[in-house]
Amino acid sequence: MKKLWNKYSYAITLIILSCSLTFILSFQHHINDSDQYVKITISEGDSLWKISNQYASQHSLSNDEFISWIKKHNENISDQIFPGEEIIIPVSKRTSTSGTELASAPQE
């Protein structure tokens, strides 16, 4: 065994490091959408179109693209949404937070 280790130690170390790096990168790349994007609760009178317009300054999608993104990334979403439903929208939590700060008026 020691003879084998002495002969192939670099190759074995390289394989172990490659496998570890692959595992770490794949784990970090697979982030849940709910961790990255804003989750909102539907209120009475809301529509996907209205929500798209409401958050228009915080995303770079057209209204159709915004709605398609919501339908793709939210399970059980159809053309109708109902009050109390929670949906994930394509607005980054970081963008939403910074956008809120920029939009606020100075207090006197």
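**Reading the labels in this model**

Student: Why is Asn63 called buried?

Tutor: Asn63 has a relative accessible area of 17%. Buried means under 20%. The value of 17% is under that cut-off, so Asn63 is buried. Remember that this is a predicted model.

Student: Where does Asn63 lie, and what is in contact with it?

Tutor: Asn63 lies in helix H4. Leaving aside neighbours within four places in sequence, Asn63 is in contact with Trp49, Ser52 and Asn53.

Student: What makes His59 buried?

Tutor: The relative accessible area of His59 is 11%. That is under the 20% limit, so His59 counts as buried. His59 lies in the loop between H3 and H4.

Student: Which residues does His59 touch?

Tutor: Not counting residues up to four places away in sequence, His59 touches Ser52, Phe66, Pro90 and Val91. Now take His59 and Ile89: they are 30 residues apart in sequence. In space, their C-alpha atoms are 9.5 Å apart.

Student: Leu61 is in the loop between H3 and H4 too. Is Leu61 buried, partly exposed or exposed, and why?

Tutor: Leu61 has 30% relative accessibility. Buried needs under 20%, and exposed needs over 50%. The 30% falls in between, so Leu61 is partly exposed.

Student: What is in contact with Leu61?

Tutor: Set aside the neighbours within four places in sequence. Phe66, Trp69 and Pro90 are then in contact with Leu61. Leu61 and Pro90 are 29 residues apart in sequence, with 8.8 Å from C-alpha to C-alpha.

Student: What makes Asn76 exposed?

Tutor: Asn76 has 75% relative accessibility. Exposed means over 50%, so the label holds for Asn76. Asn76 is in the loop between H4 and E2.

Student: What is the phi of Asn76?

Tutor: The phi of Asn76 is positive, about 65 degrees, although Asn76 is not a glycine.

Student: How do you know that Glu86 and Lys39 form a salt bridge?

Tutor: The N to O distance between their side chains is 3.8 Å. The limit is 4 Å, so the Glu86 and Lys39 pair qualifies. This pair links distant parts of the chain. Glu86 is in strand E2, Lys39 is in strand E1, and they are 47 residues apart.

Student: How many salt bridges does the structure hold?

Tutor: Two. Asp46 and Lys50 also meet in a salt bridge, again with 3.8 Å from N to O.

Student: Is Lys50 buried, partly exposed or exposed, and why?

Tutor: The relative accessible area of Lys50 is 42%. This lies between 20% and 50%, so Lys50 is partly exposed.

Student: Which residues of the largest nonpolar core touch the most other members?

Tutor: Ile40, Ile51, Ile70, Ile87 and Ile89, out of 16 residues in that core. Strand E1 (37–41), helix H3 (48–54), helix H4 (63–73) and strand E2 (86–92) each give two or more residues to this core. In soluble globular proteins, nonpolar side chains tend to be buried together.

Student: Which residues does Ile40 touch?

Tutor: Ile51, Tyr55, Glu85, Glu86, Ile87 and Ile89, not counting residues up to four places away in sequence.

Student: Which residues make the nonpolar surface patch?

Tutor: Met1, Leu4, Trp5, Tyr8, Ile12 and Ile16. The patch covers about 660 Å².

Student: What is the order of the elements along the protein?

Tutor: From the N terminus on, the elements run α-α-β-α-α-β-α. That gives five helices and two strands.

Student: What share of the contacts joins residues at least 24 apart?

Tutor: It is 61%, taken among contacts between residues at least 6 apart in sequence.

Student: How confident is the predictor, and where is the pLDDT below 50?

Tutor: The average pLDDT is 81, and 81% of the residues score at least 70. Over residues 98–108 the pLDDT is below 50. Beyond near neighbours in sequence, that stretch has zero contacts in the model. Where pLDDT is low, the predicted coordinates should not be read in detail.

Key
Residues numbered from 1 in each chain as written. Predicted model: local features only at pLDDT ≥ 70, side-chain atom pairs only at ≥ 80, totals over all residues. Heavy atoms only, no water. Core = buried A, V, L, I, M, F, W, Y, C linked by side-chain atoms within 4.5 Å. Buried < 20%, exposed > 50% of the residue type's maximum accessible area, 1.4 Å probe, protein only. Helix = DSSP H or I, 4+ residues; strand = E, 2+ residues; numbered from the N terminus. Contact = heavy atoms within 4.5 Å. pLDDT = per-residue confidence, 0-100. Patch = residues over 30% accessible without salt bridge, like charges linked within 9 Å, V, L, I, M, F, W, Y side chains within 5 Å. Areas by Shrake-Rupley, 256 points an atom, 1.4 Å probe, with all protein chains shown as cover.
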